[in-house]
Amino acid sequence: MGKNAKYTGSDTEGGITSGYQMNDGVDIKVPYSFFGSIFDEDEEQAVLATMKQEAQTMGPQVAMFQKEFAEKFEVKHALATTSCTTAMHVATQVFGIKEGDEVIVTPNTFIATSLVILKEGAKPVYADIDPKTFNIDPKEIEKKITNKTKAIYIVHYAGQICDMDPIMEIAKKHNLYVMEDCAHAHGAKYKGRMAGSIGDIGCFSFHSLKNMTTLGEGGMITTNNDKFIDMVQRMRVMSITNWPPEQNSFEFGGFKMEKKELDYWLPSHFNVVDDGGKWGNNYRMNETQAAVGRAQLRKLDMMIDKRREFSHYLSDGIKGIKGIIPVYEDPNCHHAYHLYTLCINEKDLGASRNDFMRVLYQEEGIQGIQHYQPTYHLTGVKEKYNYPDKLCPNAEKFFYACETNLPMNPQLTREDLDTMIQGIKNAAEKVRS
Ligand SMILES: Cc1ncc(COP(=O)(O)O)c(C=O)c1O
């Protein structure tokens, strides 16, 4: 999306999930773009070629995308869906999570991570975050376990992986599933292991903002566990199963037939079963999205390298400005820099974050965004379980009260980065005086 593009959150169907512009006359020098990737002739060719195929959904492109994704992300299985939200919904169904269950989850995430727990009638139980990485803190997880806990849902915030070793140990000790929400973490690693390859199930997003996209929407489930595969397949494709080929006779609504009579009829018919009360959905990815996803996979390393290089350049450029805290990088992680998170220490800055953000935006033309307000603040969630206001003090104090996300995507130029560095310096100077 170009710098002067007139997209707004308010005049798009998707609101803040589609774009972010205020239309308030401010001369924006570095916008917060809602396109986090790079498209070129590869994606164009992929779209055109796929339009000529017979299969337009769940065909050869999806099969190849899944295979290539599994190879790249070092997992046994990858299964495409329509989004990360639907991938996480499938995971929640496959884990058998139901009313009365509890799922421990980070508050520092998009609503989707809690939404899938709520959809299945279970209770999100929020565990506080580590004040440096902004990821769920394993020690806080342990405190929240009860005999109702069934799973731990974590988010690799901004592209930095959670401290997975202790999390997996806790899960093993208490017999809990771990779902990795990898919406920010394509290309991120923890002690050399890929995001989405460590927990029971990983869920990826290909929304337009993300590190790679399948034409604006899309998702992927990853797992090393063979036992989940059949149910994932049923939950993403309407509970559909095949009639077992080894069966010799069949009864359909009173008609009994021998298998040998059904040579033509049988392959074109399917059966539907529920899975312990869980019913399937239509979460199928289409062929064009998958073909674009394959092209994006080939660029992923290059795009992550750019995000890392740009983020390090930014961090170096703003080092030492009093009251401005660049991103902390955990030495155990290969940070994918889906987001660049800047924190403001109001005391050291001598001004409020709001003042700083206002000047940065209105006078310096740099658009920031806030990801995220703790999920338990959101009215529907809060009212459902009556969560108290300051439920997770670290998420409130060291994150929500002080952070902002600066523009970060692989299309930024050196000029954009220098404008951001200078703009941050100027804004800090102005609000201080
Ligand atoms: C942490 C996190 N989880 C889940 C999602 C949902 O992804 P999708 O839009 O693909 O459903 C997002 C998207 O913004 C996200 O940031």
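**View 1. Domain 1 and domain 2.** The centres of domain 1 and domain 2, taken over C-alpha atoms, are separated by 25 Å. The contact between them takes 31 residues from domain 1 and 32 residues from domain 2, two residues being in contact if their C-beta atoms, placed from the backbone, lie within 7 Å. This is a predicted model, in which local features need pLDDT of at least 70 and side-chain atom pairs count only at pLDDT 80 or more, while totals for chains, interfaces and linings use all residues. Residues are numbered from 1 along each chain as its sequence is written.

**View 2. The side of domain 1 that touches domain 2.** Helix 8, strand 15 (333-334), helix 11 (379-385) and helix 12 (393-400) are the elements that give two or more residues to this side, where helices (H or I, at least four residues) and strands (E, at least two) are DSSP runs, numbered from the N terminus. Helix 12 gives the most, with five residues.

**View 3. The buried side of helix 13.** Leu417, Met420, Gly423, Ile424, Ala427, Ala428 and Val431 are the buried residues of helix 13, a residue being buried if 20 or more other C-beta atoms lie within 10 Å of its own, exposed if 12 or fewer, and partly exposed in between. What covers them includes helix 8 (287-318) and helix 10 (353-362).

**View 4. The opposite face of helix 13.** Turned away from the buried side, this face carries the exposed residues Arg414, Glu415 and Glu429.

Methods. Domains from an automatic or database assignment.
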